[in-house]
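Keep the chain and its coordinates open while reading. The text below walks through them step by step.

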Amino acid sequence: MPAIRDKTTNNIDSITLFYKKNNAIAQNTINYLLSIGVFEKPSKIEKNPLELALEDVKAGRVTQIKDINNFIEEVLQ
């Protein structure tokens with residue numbers, strides 16, 4: 001039976017593992033540990049607005065406007 005944790009308490013520790021994505025042994029080991037119910041994978045954490053903005057900058061979804069002429073060119077493209 002999978003472990004059920006009380007989400008109202010803060011008696012939770014976490015483990016962070018670093019491994020290469022293509023390491024099959026590491027992936028199988030993690031899947032095994034999750035399958036026996038001792039550990040659980042955290043639910044997806046929503047990113048805050050700053051993290052989302054930084055992702056936009058990294059992905060090139062941000063435009064720099066130098067002056068009004070540049071603004072008009074950027075908007076009309």
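**A salt bridge and its surroundings**

Start with a pair: Arg61 forms a salt bridge with Asp56, and their closest N and O atoms are 2.7 Å apart. The term stands for a side-chain nitrogen of Lys or Arg within 4 Å of a carboxyl oxygen of Asp or Glu. Side chains of opposite charge can pair when their charged atoms come close. Arg61 counts as exposed, at 55% relative accessibility. Asp56 is partly exposed, with a relative accessible area of 29%. The cut-offs are these: buried is under 20% relative accessible area, exposed is over 50%, and partly exposed lies in between (1.4 Å probe, protein chains only).

How many salt bridges does a search of the whole structure find? The search finds two. Lys47 forms one with Glu55, the closest N and O atoms being 2.2 Å apart. Lys47 is partly exposed at 44% relative accessible area. Glu55 is partly exposed too, at 32%.

A word on the source. This is a predicted model: local features need pLDDT of at least 70, side-chain atom pairs count only at pLDDT 80 or more, and totals for chains, interfaces and linings use all residues. Residues are numbered from 1 along each chain as its sequence is written, and side-chain values use heavy atoms, with hydrogens and water left out.

Now the fold. The chain has three helices and zero strands, in the order α-α-α from the N terminus. Helices (H or I, at least four residues) and strands (E, at least two) are DSSP runs, numbered from the N terminus. Of the 77 residues in the chain, 4% are buried. The chain exposes about 7900 Å², and carbon and sulfur atoms supply 56% of that area. Accessible areas come from the Shrake-Rupley method with a 1.4 Å probe; for residues, only the protein chains shown count as cover.

Part of the surface is a nonpolar patch. Ile15, Leu17, Tyr19, Tyr32, Leu33, Leu34, Ile36, Val38 and Phe39 form it, with about 860 Å² of accessible area together. Patch residues have over 30% relative accessible area and no salt bridge; like charges are joined within 9 Å, nonpolar side chains (Val, Leu, Ile, Met, Phe, Trp, Tyr) within 5 Å. Tyr19 lies in the segment before helix H1 (24-35). Tyr19 is partly exposed, at 40% relative accessible area.

Pro42 sits in the loop between H1 and helix H2 (49-58). At 63% relative accessibility, Pro42 counts as exposed. Its C-alpha atom is separated by 9.2 Å from that of Ser14, 28 residues apart along the chain.
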